[in-house]
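Thanks for coming. I have one structure to go through, and I will keep to a few local features. Please have a look at it first.

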Amino acid sequence: MKVAMFPGSFDPITLGHLDIIKRALPVFDKLYIAIGQNTQKKTLFEIDQRLEWLRSVCKDDNKLEIGLYEGLTVNYAKEIGAKYLIRGLRNASDFDYEKTISQLNSIIGDGLETVFFISKPEYSHISSTIVREIIKGRGDVSAFVPKTIYTDIESKYYT
Ligand code: ADP
């Protein structure tokens, strides 16, 4: 069984992430969308909120699982039996960063492979960082996040 893991902060999950998930799904038997929790890193949304949003976008496909981990991605991949990491590439700076990480992960993760999906042009300008900035300014993020999440943000955070 081919098990893959898509690690990230998902703070919040965007249409860019969702596109990568949809495109990776047919390639694997199981895909874990896993939030890597870094206690040092300040996030805009609490872990429970991010997990709830991941569950809401993943509920219709039984190949998808939600994961949560602390520490090294390679350790969690081993724990869940994932031999492949999924990452999205938007531009050359994503490539430079991801290349190094994937080489390191292959060494410390016993040949753990990273599979890259090139962002679709219509999503390559979307990042969680930009979405967070727009949310902080009470702007409209409907073009960047799944609909249910947008509705949730408007009702819970824009009051
Ligand atoms: P991290 O904190 O690990 O960078 P993110 O949640 O920001 O986590 O991103 C997780 C993965 O999703 C990364 O591989 C990132 O390149 C990819 N990604 C983020 N936004 C997009 C997008 N718009 N199109 C394609 N891939 C994306």
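Which residues make a nonpolar surface patch of about 330 Å²? The answer is Leu72, Ile107 and Ile108. Ile108 belongs to helix H4. Before I go on, note that this is a predicted model.

Next, the backbone. I have one exception of the first kind and two of the second to show.

The peptide bond from Asp11 to Pro12 is cis, with omega near 0°. Pro12 sits in the loop that runs between strand E1, residues 3-8, and helix H1, residues 15-24.

Asp110 is not a glycine, yet its phi is positive, at about 50°. You will find Asp110 in the loop between helix H4, residues 92-108, and strand E5, residues 113-118. Is Asp110 buried or exposed? Asp110 is exposed, and its relative accessible area is 67%.

Arg138 also has a positive phi without being a glycine, in this case near 55°. Arg138 is in the loop between helix H5, residues 128-136, and helix H6, residues 147-157.

Now back to the loop between E1 and H1, which also holds Thr14. With a relative accessible area of 2%, Thr14 counts as buried, because the limit for that class is under 20%. What surrounds Thr14, apart from its neighbours within four places in sequence? Thr14 is in contact with Ile126, Ser127, Ser128, Val131, Phe144, Val145 and Pro146. There is also a local polar arrangement: a polar atom of the Thr14 side chain lies 3.2 Å from the backbone nitrogen of Gly16.

That leaves the charged pairs. How many salt bridges does the structure hold? It holds 10.

As for accessibility, Glu65 is partly exposed at 30%, while Lys30 is buried at 16%.

Glu52 is partly exposed, with a relative accessible area of 39%. Lys156 is partly exposed too, at 41%.

The third pair is local. Lys136 and Glu133 form a salt bridge through their side chains at 3.2 Å, N to O. Both residues lie in helix H5, three residues apart, which is about one turn of the helix. Glu133 is partly exposed, with a relative accessible area of 46%.

Last, the network. Which residues are linked in a network of salt bridges? They are Asp19, Arg23 and Lys120.

To go back over the backbone points: the cis bond is the one from Asp11 to Pro12, and positive phi values occur at Asp110 and at Arg138. That is what I had.

How values were computed
Residues numbered from 1 in each chain as written. Predicted model: local features only at pLDDT ≥ 70, side-chain atom pairs only at ≥ 80, totals over all residues. Heavy atoms only, no water. Helix = DSSP H or I, 4+ residues; strand = E, 2+ residues; numbered from the N terminus. Buried < 20%, exposed > 50% of the residue type's maximum accessible area, 1.4 Å probe, protein only. Polar contact = N/O pair within 3.5 Å; in protein donor to acceptor, adjacent residues only side chain to side chain. Contact = heavy atoms within 4.5 Å. Patch = residues over 30% accessible without salt bridge, like charges linked within 9 Å, V, L, I, M, F, W, Y side chains within 5 Å. Areas by Shrake-Rupley, 256 points an atom, 1.4 Å probe, with all protein chains shown as cover. Salt bridge = Lys/Arg side-chain N within 4 Å of Asp/Glu carboxyl O.
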